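Student: Could we go through the side-chain contacts in this model together? I'd like to start with the charged pairs.

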Amino acid sequence: MSTNSTLLDRIVFYPILCEGWKQYMEGAIYHLAGFLLLLGFMGGSGTVGSIFIFGFLTAGFFCAALWGWLEACGLDIFIWNMLLVLICLLQLAHLVYQLRQHAFPEEFDMLYKQVCQPLQVPPQVYKEIVKCCEEQVLPLAKDQNYAVEGKTSIDRLSFLLSGRVRVSQDGQFLHYVFPYQFLDSPEWESLPPSEEGTFQVTLTAETDCSFITWQRKDLYLLLAKERYIARLFSVLLGFDISEKLYALNEKLFAKFGLRFDIRLPSLYHVLGPASSDMELEKEPEESEGPAAPSGLLPTFVQTAPAAPCTVSPPAPPAHLRRPRPDSDLSGEDSTSLVLEDFAELTGSFMDYLSEGEYMK
């Protein structure tokens, strides 16, 4: 205890000052060691950042060991720095092994950098996703159909890696699918796991394409087993479906000059009247007498949706809503069918979001 107190007194209270400084500077090896150590501590995070850090630390400690052996002539300086060099080399070997263990083919590596890395998905999780699709990249030649309307069964989920795919229904163009987008996300979300169905649209490759695919049963097993992967797919599928809905909305804006609310209830009112609205429409038609000529366009009547509340308010009088003067949706049956099909496809996804399952 007294020895420690004496040492403390010598360091804090009675420091021994240097009587004379050296007249020469240390050699270049000493300064190079300090510079390399500075670079090492400027490294980033992650596996690559750790390799950067320990690589420069290894070089810095090695230069310090050379300085202690050649210029300082201190055995303790040499031994300590060589021990640090050995520790850094072992850590470097471990990091390189981890990096090679999670190495992927070129297409999957690019997919990870474009989609999963911005979401900070760990490489171990991404490896499970790639393993589920058997690490196979499938080709799709130009003008070849990925799915045919009413014929191809919904038994998989695919992700486009390169090329461009055209989506159409009854020969009418809907939208494009670009690289790093799902090919059949609406079909996946609209069909429960226990049911079977067929595509309501046709997907045709406009260029030479490549894609990966997960079989429906295998992917459902993976999502049931790994909750993190299930949340990841929920986010990716939801974003992809919203992109497709916005693409349809832009198409309608280019055609009619109107932007519609893509939320499902509003979209439903745009598509057509409800059964109660049809009854309201029949009453004025009966009072008017003879029916209108067949050449005239029918008028759709809609009622404003009632807001949910605990106590039911008195029903307001029904008023006929005037049709939009600059919209010709009532005469465009094909466009209404297109939007109606997408509303049906995304219905389950909207219910899923309203229940808040993705927040759990």
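Tutor: Let's begin with K113, which is partly exposed at a relative accessible area of 45% (buried means under 20%, exposed over 50% and partly exposed in between, with a 1.4 Å probe and protein chains only). This is a predicted model, in which local features need pLDDT of at least 70 and side-chain atom pairs count only at pLDDT 80 or more, while totals for chains, interfaces and linings use all residues. Residues are numbered from 1 along each chain as its sequence is written, and side-chain values use heavy atoms, with hydrogens and water left out.

Student: Ok, which residue forms a salt bridge with K113?

Tutor: The partner is D109, with the closest N and O atoms 3.4 Å apart; a salt bridge here is a side-chain nitrogen of Lys or Arg within 4 Å of a carboxyl oxygen of Asp or Glu. Because K113 and D109 are 4 residues apart in helix 5 (residues 106-116), about one helical turn separates them. Helices (H or I, at least four residues) and strands (E, at least two) are DSSP runs numbered from the N terminus.

Student: And D240 with K244, are those buried or exposed?

Tutor: D240 is buried at 4% relative accessible area, and K244 is buried at 5%. Their side chains meet in a salt bridge at 2.4 Å, N to O, and the two residues are 4 apart in helix 9, about one helical turn.

Student: What about E206, where does its partner lie?

Tutor: E206 forms a salt bridge with R166, the closest N and O atoms being 3.8 Å apart. E206 lies in the loop between strand 7 (202-205) and strand 8 (209-215) and R166 in strand 4 (residues 165-169), so the pair ties together parts that are 40 residues apart in sequence. R164 is linked with R166 and E206 in a network of salt bridges.

Student: Switching to rings, how many aromatic pairs are there?

Tutor: The count is 12, where rings of Phe, Tyr and Trp (its six-membered ring) pair if their centres lie within 6.5 Å, and planes under 30 degrees apart count as stacked, over 60 as edge-to-face and the rest as tilted. One of them is the tilted pair of F182 and F233, 6.5 Å centre to centre with 50° between the planes. F182 lies in strand 6 (residues 181-182) and F233 in helix 9 (residues 227-256), so this pair ties together parts 51 residues apart in sequence.
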